Amino acid sequence: MDNRHILSAAIGGLLALGLVSGNANAADKMNMEKCWGIAKAGKNDCSSNKSAHSCAGQATRDNDPMDFVAVPKGTCEKIAHGALKEM
Amino acid sequence: MLENFARAIRGEGLLPDNQVICPNYSAESAVGVYRNNYRGNLRGALAIAYPVIQKIVGQNFFAMMAKKFIENHPSHSGNLHRYGAAFGDFICALEPGLPYLADVARLEWACHLAYYAQDADPLDLARLAQVVPEQYESLRLPVHPSCGIVKSRYPITAIWHAHQPGMPADFRINLDDGPTIALVSREEDEVRVRALQEADALWLHSIRAGIPLGVATFSTLECYPNFDLQAALLNLLPVLTA
C-alpha cells in the first residue's frame, strides 16, 4: 500500500463510520448563571466569602449550599438542591 | 517592604514591630497567623491536585510531604490552581520507597492541568469530509489543550484507576507489568486517563508538534510497521480539535 493510500484509507474509514463527535462542548460560555448547592467537592467554580475556603475547586464537601458552579441560564432550578442564591 | 513581608511569611525573617499595624499582637504572632493561613491554603491546593498520592501514602505522610514541599516551593501565582507543578520531581528526590509514586504524581498534575485547560472545539468530521484526499498529507491536526502524556516504567494508569473514588479497595497491580504511556484528556468536562500504545504515542507526539499528517504517519510507520492509522485516529479523536 503506498503512502498516500494509507492516509486516504484511514481517513475514508473514519468518515465512513460517520461518527458524530459530541458537540456538547462549552461553545457558549455566555448566558451562565451561578448555581449554589450543587457543586461536587473540589469542583466548585469560585468561593463565597462565607465558605471556609478561598478558591475555586476547594469545596470540601458535595452540595455545599455556600459553593456554586456556573451553569447555563435556566438550568439551575431544574437541578436537585440547586439554588440561584447563596444559602 | 513587600520583600521583607514575603520572607517573613516563608519563615525566613522577622518583621520589625513598627511595620505591623496591629495593636493587640506582636509582629511575630500576627505574621504567624498569616503564615499558617498561607501554608494551609497551599496544603489544601496540593491535596486537591494530588488525591491519589494522598490515598496511597495516607493523610499523615502526605501532610509531612506537603509541609516539606511548601517550605521549599513558594507560590508564584495568585491562582492556587497553578501551585504544585513540581510535586512529582520533589517526590522523586525524596525517594519515599515507592518507586512509582513520583510518576503517579506527574500523572495527577497532567490531570489537574487537563481539568483547567482551555476549551477547544472537537475535530469536525463534516469539515474533514470536505478536504480532498490529495491534501490529507499536508493536514495539520491541532491537539486539544487538555491533552497530556506521561511516561513511566510502572503501570501508573492502573494505579491511578485503582485509586479513584468508588473503586474497590482490594486490587492487585503487578509493578513489573512493564512501562506505561498514560494519555490524559478531558472529554465532556471529565478528565480521563488511559494507556496509549507506543506507536500511537509517537504519532500523537508528532501531530502535537504541528507536523503534517503525512510525515507524522510515515515516520511512525518506519519505527512501528504495524501502526494502524485508522485505529489511532479513532482512539485519539477525543484529543484532536478543529
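Helices α4 and α5 of chain B lie roughly perpendicular to each other (65 to 115 degrees; under 35 is roughly parallel, over 145 roughly antiparallel, and the rest oblique) in this arrangement. The model is predicted: local features need pLDDT of at least 70 and side-chain atom pairs count only at pLDDT 80 or more, while totals for chains, interfaces and linings use all residues. Residues are numbered from 1 along each chain as its sequence is written, chains are lettered from A and ligands numbered from 1 in the order in which they are written, and side-chain values use heavy atoms, without hydrogens and water.

The crossing of α4(B) with α5(B), the helix of residues 87-94, is roughly 105°, and the two axes come within 11 Å. Axes here are lines fitted to C-alpha atoms, for helices over the stretch in contact, and angles run from 0 to 180 degrees between N-to-C directions. Helices (H or I, at least four residues) and strands (E, at least two) are DSSP runs numbered from the N terminus. On the α4(B) side, B:F62, B:M65, B:K68 and B:F69 take part in the contact (heavy atoms within 4.5 Å), and they meet B:F87, B:F90, B:I91 and B:L94 of α5(B). The residues of this contact comprise 7 nonpolar (Ala, Val, Leu, Ile, Met, Phe, Trp, Tyr, Cys and Pro), no polar and 1 charged (Asp, Glu, Lys and Arg; the others, Gly among them, are polar).

Helix α4(B), which spans residues 59-72, also packs against α2(B), residues 27-49; these axes come within 10 Å and cross at roughly 120°. That angle makes α2(B) oblique to α4(B). From α2(B), the contact draws on B:R39, B:L42, B:R43, B:L46 and B:A47, while α4(B) supplies B:F62, B:A66, B:F69 and B:I70. By class, this contact of α2(B) with α4(B) has 7 nonpolar and 2 charged residues, with no polar ones.

Three strands form an open sheet in the order β1-β2-β3, and their pairing (at least two DSSP bridges between two strands) is antiparallel. Strands β1 (148-152) and β3 (190-195) of chain B stand at the edges with a single partner strand each, so one side of each has no neighbour in the sheet. Ignoring direction, neighbouring strands of this sheet are turned by 20° against each other on average. The antiparallel pairing of β2(B), residues 180-187, with β3(B) extends over 6 bridges. Opposite B:L183 stands B:R194 of β3(B), and opposite B:R186 stands B:V191 of β3(B). In the hairpin of β2(B) and β3(B), 2 residues lie between the strands, and B:E188 takes a positive phi near 50°.

Helix α6 of chain B (residues 101-116) lies across β1, β2 and β3 of chain B and runs at about 20° to β2(B). One residue of helix α6 of chain B is B:H112. With a relative accessible area of 8%, B:H112 is buried (under 20%; exposed is over 50%, partly exposed in between; 1.4 Å probe, protein chains only). Leaving aside residues up to four places away in sequence, B:H112 touches B:A49 and B:H81.

Further along chain B comes helix α9, residues 198-208, where B:A199, B:D200, B:A201, B:W203, B:L204, B:S206 and B:I207 are buried. The cover over the buried residues of α9(B) includes β1, β2, α10 (213-223) and α11 (229-236) of chain B. The helices α9(B) and α11(B) pack at an angle of about 70°, with their axes 10 Å apart, and are therefore roughly perpendicular to each other. In this contact, B:D200, B:W203 and B:L204 of α9(B) meet B:L229, B:A232, B:L233, B:N235 and B:L236 of α11(B). The contact of α9(B) with α11(B) divides by class into 6 nonpolar, 1 polar and 1 charged residues. B:G210 follows α9(B) and has a positive phi, near 85°.

Chain A has 87 residues, of which 34% count as buried. Among contacts in chain A between residues at least 6 apart in sequence, 59% join residues at least 24 apart.
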